[in-house]
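Thanks for coming, everyone. Please bring up the sequence and the model, and we'll start.

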Amino acid sequence: MIVTKSWLNEFVEISDLSTERLCKTFNAIGLEVDSVTHFALPQKVVLGKVLECVAHPDAGKLSVCQVDVGGAVRQIVCGASNVRAGIYVPVAMIGAEMPGGLVIKPVELRGVQSEGMICSASELGLPKTEEGIMVLDESIGVLEVGKALQLYPALQDDPIEIELTANRGDCLSIHGIARDVSAALNRSLREMPVDTEKEGRIGIGRIAHLHQSEPLEADLSYRAVDVASLELPVLVRLRLAMLEESYTTELEGLLLYAVHATGVIMRLYDRKRFAVSDEQKLVIDLGRDDEEFEVLRGADGVLSSIGVSQEEQSKPEANEAKVLIEASYVDPERIARKMAQSKRKSSPLYYRSARGSEPVLDFGLSYFFDLLAANAEAKVYGGSIDVLQSVQPLHVTVSTETINAFIGAKIEKTTILQILKKLGFGIEKSQGEQFAVEVPRYRHDIQNRQDIVEEIVRLVGIDNIPSKPFVFKEDFRFNDDYRAYQKRREYRYKAAYSGFFESVHFVFGEKQKFEQFGFTCTHESKALLNPITANFDTLRPSLMLGLLEAASLNAKSGQKRIALFEIGSVFDPQRHESVRMAMLCSGYGAHERISNAGRPEMIDFAGFVQKVSDVIGAFELKSVTEPTPLMHPYQAARIVQNGQEIGTLFRLHPEVQAAYDLEQTLVCELDFVALDDTLKTAKPYSKYQASYRDLSLVVSDILSYEQLAETIARSKSEEVIRFYAVDRYKDASLGASSSLTIRFVLQSLEKTLSEEEIAAVMDRILSALGNELGVVLR
């Protein structure tokens, strides 16, 4: 991609920058400068005006010219065929040293004095613009006779060749490069002239109409013009020469200039090549060929393959022509993929199509018609015939925090937004540090937030981001999610080690069954809108029914010992999720083996409590105040661990047991989050001998063990390290009371306790039981 400094200055203000500074800016923003050419005009070359031009009296190919060079008129003999009176030309004055080393001196040519030289572009060290001498016009600036040509920046330009990566098709134009420069330097793009609709223009619909046989995957816009005459300005010729662009007509040259400036792909068609309808209108016939390429057809067949190639005979052969102008945009990835499959021939413009061109077609057309209006005598038809796709723009959500984390440096949100807006990105839904970026269509290379970050780094400049040493730092993986996973795994393993089998169920259940057993299901306003089946019409409020149904199936298949558990989610009426753990034992309490003669005991309350304790650790049981329909009325308890109630444990109600065809069954359900998973800490232990003492107490039948335990806990000393019930005896002689034996374990960290010390501790406990609860020794 070649860009010149003066051409770029027409799109963004850079006149204050040196070429060196501009090249550094290009390199800093990822536009790698491949080469720079500097055109410096020699001194003593001024702008002159040919006042008179007559044939040389003694040489047929020479002309004798009177040239105004400012303050004087010089006679110069010139051999160029295009010299004529009234034109402005570069004149090398006496003493000027030309790029080839020639020094201009007064000479006599075939007997006629010549004081200077009228120069061609190549004689000035510039690229060749035309045959003969260089004819100047106001495209280079205000023409002042006698002014040194070195003072015209457009003639002393610096073409810069930029090596673009394959994904930067948006920079295959002066406008695209200017857009990046404006973002890098925080300068505004200049407003480009727009070809406004003028009154009195005949509409294009009067001379042409569209025939589209099928949907197209391309954007197309057609305009018409009748060109009577056209002369390219010298600046356009010079810049095209710097680009090394060749063209057969000046009309084609002007179009190439507009394409390079705007990035919009445009083509010229001779309107004589199109078919004519019954209404005497030319037919813009669009469709697809056998390989599914979009094509434009004329009277004698295909005129062009959109975005790929154009038949030479479809182009205007002269500057005076009735022309149809096409602007097009095709998806670069799609056209490149199709071309790779077909291997058909392409034109130079395909390079732009496959890399990505400017999708705003009216921008290129307006630029071209503005140039045409300034340099040609032409009849422009109003309006355009358009075929446009409806494309939804890509949106990428990103935050300042994310961008800074990628870059490793802090860049303010205002700077980020400013860069993106200068590059043509849209900013939507900016809330806090997060915002949504709308990717412009010409940036097909932007697909995700990493691409957005790359744009920020590119424009901020890698040299402006402070260097940091590489630090290898592993993330701390023991976060809340991992701890939850680890806890669940630990309790699953414990349950399996204790003889339970895991049973996994859907989180859905039958609402009627849950409510039958006293559970409150999801509120109507939160109910499932589209249940999988009628049996899965609510989110489960408990794990118990799933385990009961699994146990029932196991029992019906002949299993005599059933031990199941599940850890899973349950939901309250407002659909708030929590995690529970449930365990169930049914039938035999142990496996059949020789030790029990193949007839193990049925699981009982105490045995189930022990199994649950093997899984979750020590806990206390407290009475249930409001039993549910699932619970046995006399064998149900609340589970308390570390002073917190975490669930219930009970024998299944006989009626429910029978309904599920189960033997004696016990169930518990626990709040899994409340289960202890703290680190185990070491506690001091005594090296002195422990002492055991039993108290056999007469206790009223209406007195709960919970009340006894609370009284003992308040009155015991620290030497009592634990106590527990070991025997209960009932006799008619005791009446409405029972005999309960409680064993106490006493031990000191400092010494072996004496009998007197032990007796004092036991007396204090017995006294408290008698005073508070009326309990006496048996």
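First, a term: buried means under 20% relative accessible area, exposed over 50%, and partly exposed in between, with a 1.4 Å probe and protein chains only. Helices (H or I, at least four residues) and strands (E, at least two) are DSSP runs, numbered from the N terminus.

Now the ground rules. This is a predicted model: local features need pLDDT of at least 70, side-chain atom pairs count only at pLDDT 80 or more, and totals for chains, interfaces and linings use all residues. Residues are numbered from 1 along each chain as its sequence is written, and side-chain values use heavy atoms, with hydrogens and water left out.

Start with strand β6, residues 88-92. Four of its five residues are buried. Which strands pair with it? Pairing takes at least two DSSP bridges between two strands. β3, residues 45-56, runs antiparallel to β6 over five bridges. There, Leu47 has Pro90 of β6 as its bridge partner. β9, residues 117-118, is also antiparallel to β6, with two bridges. Ala92 bridges to Met117 in β9.

Next, helix α8, residues 361-375. Its 15 residues reach 22 Å from first C-alpha to last, close to the expected 21 Å. That expectation is 1.5 Å times one less than the number of residues. Buried residues in α8 include Phe363, Tyr367, Phe368 and Phe369.

Last, helix α14, residues 544-556. It has 13 residues and spans 18 Å, close to the 18 Å expected. Among its buried residues are Met544, Leu545, Leu547 and Leu548. What do the buried residues of α14 pack against? Contact here means heavy atoms within 4.5 Å. The partners are α13 (511-516), β27 (561-571), β28 (577-587), β31 (644-652) and β32 (665-671). Just after α14, Gly558 takes a positive phi of about 100°.
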